[in-house]
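Open the model in your viewer and keep the selection tool at hand. We will start with the whole chain and then move to single residues.

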Amino acid sequence: MIVTQTDEGWRIINQQAHGLLALQAAMHWQDAKRPIYWVETLIALTEHDDGQDPWQGRNHLTTAGAPLHFQILQYSVDQCRSMIQIGLQKSRWNALMLSMHTSFLYEPKRGTDAALDEFLDQQVDNQKKWRRQCGASKAEAQYAYDFVQWCDALSLVLCLDQVPPEGRRLEVSVGPDGVSYYILQRPDESLCLDPWPFDQPELTIHVETFPLKQLVFSSDEELYNAIQDAPVAVKVWTFRQ
């Protein structure tokens, strides 16, 4: 979950909803710069946070009983395997993108955990195999994954309320084309990306959020039920060139 503290409690965004937000932006990426296996790449973008732990016990709670923000959550090799397996049932390209995502996230942790090291070694072999099966070069696969990573970064900037005020620029990430993209907010609260990456001069994207007034929960079941019963607050962003 993406958990933000508010004046009245918590704002919850489901991890998978963040992927759906990323997809809405990705669909407007300029035609000439789109990676190969376009549809499969988009599906991988929506799946890159799948395979989460079930809603049971205290999987989604901190020690204190608060909703567990994803940046506090420790990595899970089982979750990574599950996510890749979900993608593999659709296509080798989906699995390749998700495998590369785990490498991007966890290669910096190599050497800290034997099980993780074994998993990362497996991904090196898997990626070679799946590139070969897809008939894709390493550069083509890297370009596609860099696109996934850029869309993921943009969605997180929005979900985490990281857009700075007063027109100040924030780097989103380096895009698949090797260009750094910056986001800024205008006085009318519309957003702009520089350089402009989309295929139309204006677009609007959105995500569902859930406001919770209860601060502490005794179990995943209690938190899950609270989220299901919460009002849906749709957060909307408009981008203009």
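Colour the chain by secondary structure. From the N terminus, the elements run β-β-α-α-α-α-α-α-β-β-β-β-α-β. That comes to seven helices and seven strands. Keep in mind that this is a predicted model.

**The whole chain**

Zoom out. The C-alpha trace spans about 50 × 45 × 30 Å along its principal axes. Now show contacts. Among those with a separation of 6 or more, 69% are between residues 24 or more positions apart.

Select residues 38-47, which make up helix 2. Which of its residues are buried? They are W38, T41, L42, A44, L45 and E47. These buried residues pack against helix 1 (15-26), helix 3 (77-88), helix 4 and helix 6 (138-159).

Move to helix 4, residues 92-106, and pick N94. N94 is buried, with a relative accessible area of 2%. What does N94 touch beyond its neighbours within four places in sequence? Its contacts are E40, I43, A44, E47 and G87. A44 and E47 are also among the buried residues of helix 2.

**The aromatic rings**

Show the aromatic side chains. The structure holds 10 aromatic pairs. Select W29 and F147: their ring centres are 5.3 Å apart and their planes stand at 65°, so the pair is edge-to-face. The cut-off for that label is over 60 degrees. W29 sits in the loop between helix 1 and helix 2, and F147 in helix 6, so the pair ties together parts 118 residues apart in sequence. W29 is buried at 0% relative accessibility. F147 is buried too, at 1%.

Next, select W150 and Y181. This pair is also edge-to-face, with 5.3 Å centre to centre and 65° between the planes. W150 lies in helix 6 and Y181 in strand 4 (residues 180-185), so the pair ties together parts 31 residues apart in sequence. W150 has a relative accessible area of 0% and is buried. Y181 counts as buried at 1%.

Finish by selecting W29, W38, F147, W150 and Y181 together. They form one aromatic cluster. W38 brings you back to helix 2, where it is one of the buried residues.

Conventions: Residues are numbered from 1 along each chain as its sequence is written. This is a predicted model: local features need pLDDT of at least 70, side-chain atom pairs count only at pLDDT 80 or more; totals for chains, interfaces and linings use all residues. Side-chain values use heavy atoms; hydrogens and water are left out. Helices (H or I, at least four residues) and strands (E, at least two) are DSSP runs, numbered from the N terminus. Contact means heavy atoms within 4.5 Å. Buried means under 20% relative accessible area, exposed over 50%, partly exposed in between (1.4 Å probe, protein chains only). Rings of Phe, Tyr and Trp (its six-membered ring) pair if their centres lie within 6.5 Å; planes under 30 degrees apart count as stacked, over 60 as edge-to-face and the rest as tilted.
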